[in-house]
Amino acid sequence: MSRLAPGADRLARGTYLAARRCLDRAAAWIARARRDDLTGWRAALGCWVRVALLALGVLLLGRLIRALPALMWLLSGAWLVAAWRAGRPASAETADEPSEEPLTEAPAEAPGEALRALLLEVMGEADAVHLATVLAHLQKKGHWTGRTVTDLRRRLAALEVPHDRSVKVRGVPTWGVRRKHLQEAPSPAPTQETPTEASTAA
């Protein structure tokens, strides 16, 4: 194996992760524009405005690069640095990563049940909710700042909360959870013995 292979592999992995994080953050930013006090197309009007702003930003950036080709070197260097950081080995990432922030403010409740309650709360009267909407709800309350939909998916998987990538809300399919799955799925086994169980076993 070439000496450059580990570095190239890290850059490739980091490029994928950095791009996915950018897309997740853009999706969360767009989802935050949805109005809960309106219905129909009016509720989603802010989302479409943000989509238009993103498209306009990409168009202006493309024209700026065409006018100043040297700018591409600066952007490429910045992206390489971001990709290198994102692609660091999992062991180093785990060591540097702070303790995971809870998704809810109810530490006394089992994590899986608390998360299901949160998802149902954000879902409201609907039959499903997108994870981008859940993440936007959390970040509005000051939780999970800087996290992405991918981080939320990992948390759901760790707590055995069912979710998939084809959940449709208002005709748009993406990562989300369905009410029927939340209600049908069994509660995940607790990681630690509760005081009640301990006293019974004794």
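A: A residue is called buried under 20% relative accessible area, exposed over 50% and partly exposed in between, using a 1.4 Å probe and protein chains only. Buried residues account for 27% of the 202 residues in the chain. The model is predicted, so local features need pLDDT of at least 70 and side-chain atom pairs count only at pLDDT 80 or more, while totals for chains, interfaces and linings use all residues. Residues are numbered from 1 along each chain as its sequence is written, and side-chain values use heavy atoms, with hydrogens and water left out.

Q: What pLDDT does the chain average, and which element has the lowest mean?

A: pLDDT is the predictor's confidence in each residue, from 0 to 100. The chain averages 77, and 79% of the residues score at least 70.

Q: How many helices and strands does the chain have, and how do they run?

A: Helices (H or I, at least four residues) and strands (E, at least two) are DSSP runs, numbered from the N terminus. The chain comes to ten helices and three strands. From the N terminus on, the order is α-α-α-α-α-α-β-α-α-β-β-α-α. Of the contacts with a separation of 6 or more, 59% join residues 24 or more positions apart.

Q: Which residues touch the most other members of the largest nonpolar core?

A: A nonpolar core is a set of buried Ala, Val, Leu, Ile, Met, Phe, Trp, Tyr and Cys residues joined through side-chain atoms within 4.5 Å. The largest has 21 residues, and Leu115, Leu119, Val134, Leu152, Leu156, Val161 and Val177 touch the most other members. At least two residues of this core come from each of helix H1 (5–31), H6, helix H7 (131–140) and helix H8 (149–158).

Q: Is H7 mostly covered or mostly open, and which of its residues are buried?

A: H7 is mostly covered, with seven of its ten residues buried. The buried residues are Leu131, Ala132, Val134, Leu135, Ala136, Leu138 and Gln139. Gly142 follows H7 and has a positive phi, near 90°.

Q: Where is Arg32, and which residues does it contact?

A: Arg32 is in the loop between H1 and helix H2 (40–43). Its relative accessible area is 27%, so Arg32 is partly exposed. Apart from neighbours within four places in sequence, Arg32 is in contact with Arg50, Ala136, Gln139 and Lys140. The C-alpha atoms of Arg32 and Leu135 are separated by 8.9 Å, although the two are 103 residues apart along the chain.

Q: Is Trp41 buried or exposed?

A: Trp41 counts as exposed because its relative accessibility is 56%. Trp41 is found in helix H2. Its C-alpha atom is separated by 9.9 Å from that of Arg170, 129 residues apart along the chain.

Q: What is the phi of Glu160, and where is this residue?

A: Most residues other than glycine have a negative phi, and most peptide bonds are trans. Glu160 has a positive phi, near 60°. Glu160 is placed in the loop between H8 and strand E2 (164–169). With a relative accessible area of 54%, Glu160 is exposed.

Q: What is the position of Glu125?

A: Glu125 lies in the loop between helix H6 (111–123) and strand E1 (128–130). At 81% relative accessibility, this residue is exposed.

Q: Which charged ends sit over rings?

A: A charge sits over a ring if NZ of Lys or CZ of Arg is within 6 Å of the ring centre and within 35 degrees of the ring normal. The charged end of Arg147 sits over the ring of Trp144, 4.8 Å from its centre. Arg153 lies over the face of Trp175, 3.9 Å from the ring centre.

Q: How many disulfides does the structure hold?

A: A disulfide is a pair of cysteine sulfur atoms within 2.5 Å. The structure holds zero disulfides. Cys22 is partly exposed at 44% relative accessibility, whereas Cys47 is buried at 13%.

Note on methods:
Contact means heavy atoms within 4.5 Å.
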